[in-house]
Amino acid sequence: MEERPETELISIPATPRDSTPEILTPSGQRSPRPHSKEGGKSSTAWTPTSFISPRFLSPIGTPMKKVLVNMKGYLEEVGHLTKLNPQDAWLPITESRNGNAHYAAFHNLNAGVGFQALLLPVAFSFLGWSWGIIALTIAYIWQLYTLWILVQLHEAVPGKRYNRYVELAEAAFGNRLGAWLSLFPTAYLSAGTATALIIVGGETMKLFFEIVCGPLCSSNPLTTVEWYLVFTSLCIVLSQLPNLNSIAGLSLVGAVTAIIYSTMVWVLSVSQPRPPNISYEPLALPTFTSSIFSVFNALGIIAFAFRGHNLVLEIQSTMPSTFKHPAHVPMWKGAKVAYFFIAMCLFPLAIGGFWAYGNLMPSGGILNALFGFHEHDISRSLLATTFLLVVFSCLSSFQIYSMPVFDNFEASYTHRTNRPCSIWVRSGFRVVYGFINFFIGVALPFLSSLAGLLGGLTLPVTFAYPCFMWVLIKKPTKYSFNWYFNWSLGWLGVAFSVAFTIGGIWSIVDNGLKLKFFKPS
């Protein structure tokens, strides 16, 4: 008997309603779909119901025909075949589905390690050794559990792939409530992070230029805003890569540079003499209320260090999925590798940075402390290399965090026009988005310091919503341990979100909106 090829989840007999019009996407890439005949043989993958065709049914009597047709409908209903929205083949996140575990590791690592990790020693200066390490460890384990939940829920409903965080939220909470709960925090996290990256990247480029140029700099160097514009222009050029899989190389660059510079920062810090009068006691504040809000803000900084869950489903949707090899297997394999390296970056950075500077840590983070305390103790080449690696990491992170926003732009366009975006339309969207973030960064240059507030506002995306969605979709036995555990974690995450947001707002008001990631120019 002829061997059947492996079954593809999304290969279904094409019908006029479900088939995608034969229009190439701007990048020329498509999701896996039934192809035309080549060499006299059909290239359409076999499915459990592919033999139930009109030609097969024609010699069979009506009763048997009804049975087979009903069986085909049942198999589709229970998920042996996954129906794919034709529009997905036109959108940046799902345009290409040839991802693998390596791509998953690159993307997760690029999204998981970034400038927010440099602020972890600031949180320790308010929490102290014990509570700082305990909070960081609990947050790491908690977010790793919710990451596993999201990976498992990607194909939780037979015949359906939830390709975006908002889609899964709508399936769990209902269309209206799900969109209301998830759309703002995910969009705020993506766009807010992109704006913060422009601020951090532009200021780092300015410092790099000052270190490399030294006394030979011209009398009229670029201003900070002009460096923002330079960095934004570089981001816009790189953003022309068409889809999520096409930036896998950039994610690899971002992941490698993030690992190197985070390691260099804490190694350089601990290798230098510690400042005099250093102390490891939590910072003393004048009132009890101030102390409580400072602790909340510090915990918000730790929560913000574990961003990236709004991209988990999007990354997983770039992978092919079959009955024998579902997408959650390579996704979880890549995620485990990525979060191992994330732990190797975050924990030494937080502990080593606090050991080196204690409660003398400036509000801008360890990079600011390194430049402020050891500018003349460390060679210019090492400082310049560190700052250059930060720039590369920010450029790469900008792309992966902006991809969901690009996807939303193009989804709105294709929904209205029923055709894919042309190259010019796609480029126009990305240019406009880049300059919108640039203008926000110019208007709100302190955004890179608002880690506590950002962590509080976006905390439910990582720590709360996945637990609720697991209960609502998987429906564990009521009052069982699984049921109590996930409801408790979810509501605890919501409570922390409110507390950390209040702490972040208090911190901004208390500091008079004067927080800066680097020293003022």
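# Why these labels?

Biologist: Why is W483 called buried?

Modeller: Buried means under 20% relative accessible area, exposed means over 50%, and partly exposed is in between (1.4 Å probe, protein chains only). W483 has a relative accessible area of 18%, so it counts as buried. This is a predicted model, in which local features need pLDDT of at least 70 and side-chain atom pairs count only at pLDDT 80 or more, while totals for chains, interfaces and linings use all residues. Residues are numbered from 1 along each chain as its sequence is written, and side-chain values use heavy atoms, with hydrogens and water left out.

Biologist: Good to know! How many helices and strands does the chain have, and how much of the chain is buried?

Modeller: There are 16 helices and zero strands. Buried residues account for 52% of the 521 residues in the chain.

Biologist: Are F435 and F438 buried or exposed?

Modeller: F438 has 7% relative accessibility, so it counts as buried. F435 has 29%, so it is partly exposed.

Biologist: Back to W483, then: what kind of pair do W483 and Y484 form?

Modeller: Their ring centres are 5.1 Å apart and their planes are at 80°, so that pair is edge-to-face. Y484 is partly exposed, at 43% relative accessibility. Elsewhere, F398, F406, F409, Y413, F429 and Y433 make up one aromatic cluster.

Biologist: How do you know that the charged end of R274 sits over the ring of W355?

Modeller: The rule asks for NZ of Lys or CZ of Arg within 6 Å of the ring centre and within 35 degrees of the ring normal. The charged end of R274 is 4.2 Å from the centre of the W355 ring, and it sits over that ring.

Biologist: Why are α4 and α9 called oblique?

Modeller: Axes are lines fitted to C-alpha atoms, for helices over the stretch in contact, and angles run from 0 to 180 degrees between N-to-C directions. Under 35 degrees is roughly parallel, over 145 roughly antiparallel, 65 to 115 roughly perpendicular, and the rest oblique. The axes of helix α4 (residues 120–153) and helix α9 (residues 288–305) cross at roughly 55° and come within 9 Å. The two helices are therefore oblique to each other.

Biologist: And what is the hand of the α4 and α9 crossing?

Modeller: A crossing is left-handed if the near helix is turned anticlockwise from the far one by less than a right angle, and right-handed if clockwise. The α4 and α9 crossing is right-handed.

Biologist: At what angle do α6 and α7 pack?

Modeller: Their angle is about 115°, with the axes 8 Å apart. That makes α6 roughly perpendicular to α7. Their crossing is right-handed.

Biologist: Why is α12 described as largely enclosed?

Modeller: In helix α12 (residues 366–374), seven of the nine residues are buried, so the rest of the structure largely encloses the helix. The buried ones are I366, L367, N368, A369, L370, F371 and H374. Their cover, judged by contact (heavy atoms within 4.5 Å), includes α4, α6, α8 (248–271), α11 (328–357) and α13 (380–417).

Note on methods. Rings of Phe, Tyr and Trp (its six-membered ring) pair if their centres lie within 6.5 Å; planes under 30 degrees apart count as stacked, over 60 as edge-to-face and the rest as tilted. Helices (H or I, at least four residues) and strands (E, at least two) are DSSP runs, numbered from the N terminus.
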